Amino acid sequence: MKKLLPWLVFAAGLVFVGAGLFTGRERSAYLLDEFAHLPVLLNGRIKPVDTVARTSLLSMQDRQRVMSPEGREIAPIEWLLDVAFNGEKADGYRTFKIDNPDLLSLIGKTEDNIKIEYDSTAKRVMAVLGFLPSRYRRFTYTEISPYLAELERQAQLAQSVENAQRSGFQKAVLSLYNSLITYQQLKYSFVLPESPDFLAELHGFVSALPKGIEAVRAKQAGQPHDEAVAQQMVDAVRRFETMSRFGSLLAAPPLPGAPVTQWRKIGDALLDSFKTGELNVAANTYATLGHAWRTGNPEQFNQAVTRYRDHLLGSVGERMDKSNAELRFNQAEPFYRSMILFLVVFLVGIASWFRAPYFLSRSAFFLLLAAFIATTAGIATRMWLEGRPPVTNLYSSALFIGWAAVALCLILEAIYKNAVGAVAGGAIGFCTLLIAHHLSFGGDTMEMMRAVLDSNFWLATHVVVITLGYASTFLAGFLAIIYILLGTMTRWLSKQFDRNLSMQAAPAAGAGAGGPAARKGETNGEAINRMVYGIICFATLFSLIGTILGGIWADQSWGRFWGWDPKENGAMIIVIWNALILHARWGGMVKARGLMNLAVFGNVVTAWSWFGTNMLGIGLHSYGFMEAAFKWLVAFVVCQIAIILLGALLPTEKWKSFRSIAPRGPSSGSPRPQTAGSAS
Amino acid sequence: MREIGKSFVQFFVSLKLTVVLLAISVLLVFFATLDQTNLGIWGIQHKWFQSFIVLQDVKGIPVPIFPGGYFVGGLLFFNLIAAHIYRFKFTWKKAGLLLTHFGLIILLVGELLSGLWQEEYHMRLDNGETKNYSESPHFDELAIVNASDPEWDDVVAIPAQLLKRGKTLQHPKLPFRVVVKDFYPNAQLQMRNQVPNAAPSPATAGFGPEIVATPLPVTYRQDERNLSTAYVELVGPQGSLGTWLVSTNIEQPQSFDYEGKTWRLVLRPERLYTHFTVQLVKFSHDRYAGTEIPKNFSSKVRLKTDDGHTDREVLIYMNNPLRFQGLTFYQSGFENNDRTSILQVVRNPSWLLPYVACLILFVGLTLHFGISLVAFASKRSRSLAVA
């Protein structure tokens with residue numbers, strides 16, 4: 001039974017991360033999934049409209065969830081349907097996030113009128129305590145629209161200032177302005193929002209088309225013609241051109257025989273009717289869907305969407321598989337679910353040091369494995385969808401760093417079985433996925449690669465290896481944090497696991513059996529010491545090879561092996577820092593405590609290389625420039641320095657773990673500090 | 001005395017020195033990276049890396065603030081070699097580490113040499129245009145051309161670094177002296193009629209009298225180029241020929257006659273002439289559908305040597321440069337609505353060294369890791385047996 005329980009936990013973990021594949025489908029009378037997986041082309045990539053809905057929402061309001069005014073939660077795809085086909089309703093959803101106080105006052109909001117009034121006392125108390133929001137941060141289009149002219153003026157003023165010099169207000173104005181543009185573009189992407197019944201309009205247009213073309217030709221030739229029909233054609237051109245100008249999605253697939261990338265906007269496809277003499281299928285479908293959605297006719301909707309799907313399977317069938325897979329991937333939310341699980345692993349792992357060590361540490365291991373499986377599946381899906389190696393931008397580097405660190409943690413945990421790997425893995429997995437989540441606010445995370453980066457060979461070698469270097473340096477740092485915190489605050493480091501994983505105080509050196517992989521008489525502290533050292537060796541290897549591969553790529557593309565670009569310098573600092581740690585240990589300059597302090601600083605060095613260098617806004621690698629992250633970077637660095645100070649300033653004998661057995665502290669207790677240099 | 005000598009040796013071979021130097025290099029690279037926001041990537045290289053002492057300009061006085069790249073790198077190099085000689089004892093266990101360090105030495109040397117030898121130029125080609133020279137992105141030259149022979153031009157090129165205010169330059173091929181009346185590393189040029197109340201121009205000949213040159217601070221921005229500008233007076237045995245305003249902003253050479261010969265005067269980016277010509281046949285540029293994101297760009301060029309042995313078409317595109325006669329041509333950019341292609345031209349005689357270093361490093365690291373892994377595995381199985 002005792003052996004079985006962790007396996008049950010593993011099953012539960014798998015069910016949790018996999019549940020997303022099956023939940024929340026088809027509660028509606030409308031075939032929403034069929035609509036959601038229709039492919040469109042945006043930013044150079046063919047993607048399901050579901051992805052468009054989700055990424056638009058993330059960039060407008062930092063989350064995918066939308067609440068209707070009645071308090072019902074709306075799926076992203078339903079929101080998009082309302083935006084595209086039922087504009088007045090969508091205008092009433094709170095989807096524009098505004099935090100800047102100056103910008104709020106510009107649209108007539110003050111602290112008083114954005115307060116949320118809760119009806120129950122309990123909720124009011126929760127709001128005061130901060131568990132519920134106390135004020136609105138997201139606003140409706142209807143609320144903002146009276147101020148559009150002023151916003152446009154402010155946006156133009158802000159645009160005239162260089163990015164680095166813009167004030168918080170100017171940045172907020174531009175961000176809101178871009179959200180408004182995104183919103184308008186979606187409205188014009190499928191139908192003409194001004195038209196009360198676009199479907200009827202299109203049908204009227206098509207039936208008048210043959211006569212209309214005649215009339216227009218006659219008019220141009222100065223011959224007698226039906227002026228009303230000619231005018232109808234001129235109006236139609238104007239209206240379709242409006243759609244083409246304001247719409248953003250290329251929703252009409254290429255015509256048979258045209259190149260596969262030649263997707264067009266619905267407006268342009270409609271303008272083509274003058275040449276082809278018939279109505280474009282995509283335009284007709286979206287107009288029908290719009291009519292059905294607006295008038296509440298699921299039958300018409302479902303019929304149109306299935307017919308269109310069958311049509312697409314015939315023409316762009318190979319794209320439909322990927323589109324369908326991407327929809328499933330969006331709905332499964334593997335990274336979001338893993339993020340939650342990583343947090344659970346972290347907490348369960350910590351708990352295992354105090355209670356029920358066998359059950360909890362094994363459970364933590366298996367939950368970590370479940371989350372790892374989910375992130376692996378997620379990353380693999382992304383790779384397949386993009387046809388790229390795992391790391392292509394900052395977002396995917398966050399995913400991959402987490403993934404690689406967790407993989408190393410699983411190995412450590414399988415060897416040492418002391419929950420240290422699980423806790424570190426949970427922490428790094430959670431943090432990196434949280435970072436990735438925030439990076440996803442920038443828009444679609446599967447971007448097209450700029451020409452200079454468009455090389456799968458180098459992306460698969462240089463980028464992957466250097467990211468492994470980041471991951472292992474972070475892992476060493478996190479293990480070191482665990483060492484310092486546990487060492488100063490608990491007695492855990494001086495204890496050792498026996499084979500049955502029940503904890504005992506460390507007996508005198510040499511006595512007692514170690515854990516399965518532990519050396520004879522090895523304490524937890526010594527085990528972590530060995531882990532950190534091994535991981536730093538890994539980190540040095542990966543970051544060195546990765547940096548050199550980067551140099552070779554640079555030499556192949558730009559004619560210089562080394563250009564002192566900020567990102568290159570950042571990578572080099574990681575290599576040098578890891579080398580410094582190794583040499584300091586080999587030279588006996590640091591023992592366990594010093595090693596840990598240096599390893600924690602490795603976190604700072606890596607964070608600088610990963611994010612800090614991009615914030616300088618110079619060089620070839622400054623593709624992920626974002627200011628919002630700056631304060632978090634500073635906070636992270638401060639917190640790392642605080643931990644280093646704790647580890648460095650508190651003498652070993654004051655550490656709770658080494659107080660009772662001071663002579664056997666890490667200053668003398670590290671297993672083989674002098675000779676370790678020869679082995680890694 | 002022997003004691004002192006011994007401690008001296010101990011100091012240079014010690015791991016402590018290594019660790020301290022590594023720490024200093026981390027700081028050096030970090031500060032240099034930060035300084036790029038002021039000086040740009042190119043500007044910091046001389047200040048921080050290709051120097052023994054980093055000098056910071058504080059109100060016009062150069063103040064030493066940090067050991068430079070040559071100093072730190074040199075000491076590391078020395079430390080690395082000295083330690084290996086002093087402690088050298090070959091064992092298989094250390095063979096991997098030994099090779100790795102040897103690779104690092106070659107890498108360091110390679111970086112030093114490319115810092116010293118590497119030259120960078122740009123070649124801008126319009127569709128159909130043919131050139132037999134590239135231009136420096138950083139350095140300018142004052143070209144004085146004797147154009148009296150219809151067959152060829154006789155060019156005397158004076159590097160702009162030599163143009164200092166008040167300096168007089170002479171060259172055996174020039175029948176006159178060049179007196180630099182003033183030199184601005186960066187300046188803005190405006191037509192005189194657009195600047196009311198401008199001071200009278202020192203220039204007396206050519207375009208100069210019509211133009212007002214205002215000195216500007218030197219720019220380090222990557223998207224800007226300094227427009228160096230000078231007033232030069234040409235003085236023959238019989239006296240002054242006049243004073244000209246020359247600037248990289250005035251691309252058209254200014255002509256004058258002297259002693260029956262036609263001369264041309266121009267300040268232009270420093271040129272590297274080659275014994276072959278490159279003609280842009282076609283520049284292509286694709287974007288991803290519905291976006292402005294470049295998907296790829298490439299230049300089809302025709303390569304023709306003066307000796308007539310080579311005459312072929314080459315496609316230069318991203319990650320696929322053309323290497324020819326010690327020069328490497330990379331697709332670097334484009335402008336002018338895709339009608340002009342910009343190639344980066346690099347001469348780096350030591351380009352092979354990093355590759356050699358990488359190979360050695362790779363073998364060294366693989367060896368070391370293999371040996372360590374075997375050792376770890378056998379130790380583990382032994383300790384498991386004991387447990």
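This is a predicted model: local features need pLDDT of at least 70, side-chain atom pairs count only at pLDDT 80 or more; totals for chains, interfaces and linings use all residues.
**Entry 1**

**Entry 1: chain A, the overview**

Next I turned to chain A. I get 27 helices and eight strands for it. Along the principal axes, its C-alpha atoms fill a box of roughly 110 × 65 × 50 Å. Chain A has 680 residues, and 49% of them count as buried. I also checked contacts in chain A with a separation of 6 or more: 71% of these come from residues 24 or more positions apart.

**Entry 2: where A meets B**

Which residues of the two chains touch, and how many? I find 53 residues of chain A in contact with 52 residues of chain B. On the chain A side, α22 (524-558) and α23 (566-586) each supply at least two residues. The most comes from α23(A), with eleven residues. I sorted the chain A side by class and got 29 nonpolar, 17 polar and seven charged residues.

**Entry 3: α15 against α16**

I looked at α15 (residues 281-295) and α16 (residues 298-332) of chain A as a packed pair. Their angle is about 160° and their axes are 8 Å apart. Over 145 degrees counts as roughly antiparallel, so that is what I wrote down for α15(A) and α16(A). Their crossing is left-handed. From α15(A), the contact uses Val281(A), Thr285(A), Thr288(A), Leu289(A), Ala292(A) and Trp293(A). From α16(A), I listed Gln300(A), Phe301(A), Ala304(A), Val305(A), Tyr308(A) and His311(A). By class, this contact has eight nonpolar, four polar and no charged residues.

**Entry 4: α20 against α21**

The crossing is right-handed. On α20(A), the residues in the contact are Val420(A), Val423(A), Ala424(A), Ala427(A) and Ile428(A). They meet Phe474(A), Leu475(A), Phe478(A), Leu479(A) and Ile482(A) of α21(A). The class count for this contact is ten nonpolar, no polar and no charged.

**Entry 5: positive phi**

Most residues other than glycine have a negative phi.

Asp62(A) has phi near 65°. I found Asp62(A) in the loop between α3 (49-61) and β3 (66-67) of chain A. Buried or partly exposed? Asp62(A) has 15 C-beta neighbours inside 10 Å, so it counts as partly exposed.

Ala419(A) also has a positive phi, about 70°. Its place is the loop between α19 (394-416) and α20 (420-439) of chain A. Ala419(A) is buried, as 29 other C-beta atoms lie within 10 Å.

How many residues of α4 (residues 76-85) of chain A are buried? I get ten of its ten, so I noted this helix as mostly covered. Among the buried residues of α4(A) are Glu78(A), Asp82(A) and Trp79(A).

Trp79(A) came up again when I looked at Tyr93(A). Leaving aside neighbours within four places in sequence, Tyr93(A) is in contact with Val66(A), Ser68(A), Trp79(A) and Thr140(A). Tyr93(A) sits in the loop between α5 (87-90) and β5 (94-97) of chain A. With 22 other C-beta atoms within 10 Å, Tyr93(A) is buried. I also checked Pro69(A), which is 24 residues away from Tyr93(A) along the chain; their C-alpha atoms are separated by 6.5 Å.

Note on methods:
Residues are numbered from 1 along each chain as its sequence is written. Chains are lettered from A and ligands numbered from 1 in the order in which they are written. Two residues are in contact if their C-beta atoms, placed from the backbone, lie within 7 Å. Helices (H or I, at least four residues) and strands (E, at least two) are DSSP runs, numbered from the N terminus. Ala, Val, Leu, Ile, Met, Phe, Trp, Tyr, Cys and Pro count as nonpolar, Asp, Glu, Lys and Arg as charged, and the others, Gly among them, as polar. Axes are lines fitted to C-alpha atoms, for helices over the stretch in contact, and angles run from 0 to 180 degrees between N-to-C directions. Angles under 35 degrees count as roughly parallel, over 145 as roughly antiparallel, 65 to 115 as roughly perpendicular and the rest as oblique. A crossing is left-handed if the near helix is turned anticlockwise from the far one by less than a right angle, and right-handed if clockwise. A residue is buried if 20 or more other C-beta atoms lie within 10 Å of its own, exposed if 12 or fewer, and partly exposed in between; C-beta atoms are placed from the backbone.
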